[in-house]
Structures are given as structure tokens and as C-alpha cells.
Amino acid sequence: MREPAGERIRDIQQLADQALELLDLALGRAVRLPKRDRELVREHLLEPRTHLRNSATTLRRRIETEEAQAEVRRRSRSG
């Protein structure tokens with residue numbers, strides 16, 4: 001994926017990874033909160049973090065598959 005769209009999708013993947021890191025950090029820091037507040041943070045952030053993790057993993061796999069298929073096409077044209 002060397003075309004501009006390929007670069008943008010990689011940028012998006014990096015942003016999703018950064019967001020996931022921040023959610024992990026927030027949940028980790030919530031451990032120090034009083035129990036009521038800790039549960040509130042978990043209630044509101046755990047599900048979005050899980051969803052983002054699954055979505056980012058799926059996106060990463062699809063990007064890798066697309067890149068592998070593009071490489072196969074390039075090799076078949078040149079060989």
C-alpha cells in the first residue's frame with residue numbers, strides 16, 4: 001500500500017493504537033481511585049476499550065492481507 005490511501009489507512013491504524021494505549025493507561029490509573037469512582041471508570045471505558053482493541057486488530061489484519069495480496073500481484077506481473 002504505497003498509494004496515498006494506503007498511507008492514510010496506516011495513519012488511522014496508528015491513531016487507533018494510540019487511543020488504545022491511552023484507554024489502557026486510564027484504566028490502569030483508575031485502580032488508585034476510590035472503589036465507587038474506579039467502578040464508574042471501568043463501566044464507561046472497559047467496553048469501548050474492548051471494542052477498539054477488536055476493531056484495531058481486525059483493521060491491522062485486513063491491512064496486512066491487502067498488502068500481501070498486492071505484493072503477490074506485483075510479483076506475478078514482474079515474473
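Biologist: Why is Ser55 called partly exposed?

Modeller: Ser55 has a relative accessibility of 33%. Buried means under 20% and exposed means over 50%, so at 33% Ser55 counts as partly exposed. Keep in mind that this is a predicted model. Ser55 is found in helix 2, and its C-alpha atom is separated by 33 Å from that of Arg77, 22 residues apart along the chain.

Biologist: And what makes Gln13 buried?

Modeller: Its value is 4%, and the limit for buried is under 20%, so Gln13 counts as buried. Gln13 sits in helix 1, where Gly6, Ala16, Leu20, Leu23 and Leu27 are also among the buried residues.

Biologist: What covers the buried residues of helix 1?

Modeller: The cover includes helix 2. For Gln13, leaving aside neighbours within four places in sequence, the contacts are Ala56, Leu59, Arg60 and Ile63. Contact here means heavy atoms within 4.5 Å.

Biologist: Leu59 is on that list. How do you know whether Leu59 is buried or partly exposed?

Modeller: Leu59 has a relative accessibility of 25%. Leu59 belongs to helix 2 and, with neighbours within four places in sequence left aside, is in contact with Ile9, Ile12 and Gln13. The C-alpha atoms of Leu59 and Gln13 are separated by 7.3 Å, although the two are 46 residues apart along the chain.

Biologist: Which class does Arg10 fall into, and why?

Modeller: Arg10 has a relative accessible area of 29%. Since that value is between the limits of 20% and 50%, Arg10 is partly exposed. Arg10 is placed in helix 1 and touches Ile63 and Glu67, not counting residues up to four places away in sequence. Between the C-alpha atoms of Arg10 and Leu59, 49 residues apart along the chain, the separation is 9.7 Å.

Biologist: Which hand does the crossing of helix 1 and helix 2 have?

Modeller: That crossing is left-handed.

Biologist: One last point: how do you know that the span of helix 1 is close to the one expected?

Modeller: Helix 1 has 26 residues and reaches 38 Å from its first C-alpha to its last. The expected span, at 1.5 Å a residue, is 38 Å. Setting the two values side by side, the reach of helix 1 is close to expectation.

Terms used: Residues are numbered from 1 along each chain as its sequence is written. This is a predicted model: local features need pLDDT of at least 70, side-chain atom pairs count only at pLDDT 80 or more; totals for chains, interfaces and linings use all residues. Side-chain values use heavy atoms; hydrogens and water are left out. A crossing is left-handed if the near helix is turned anticlockwise from the far one by less than a right angle, and right-handed if clockwise. Helices (H or I, at least four residues) and strands (E, at least two) are DSSP runs, numbered from the N terminus. The expected span of a helix is 1.5 Å times one less than its number of residues. Buried means under 20% relative accessible area, exposed over 50%, partly exposed in between (1.4 Å probe, protein chains only).
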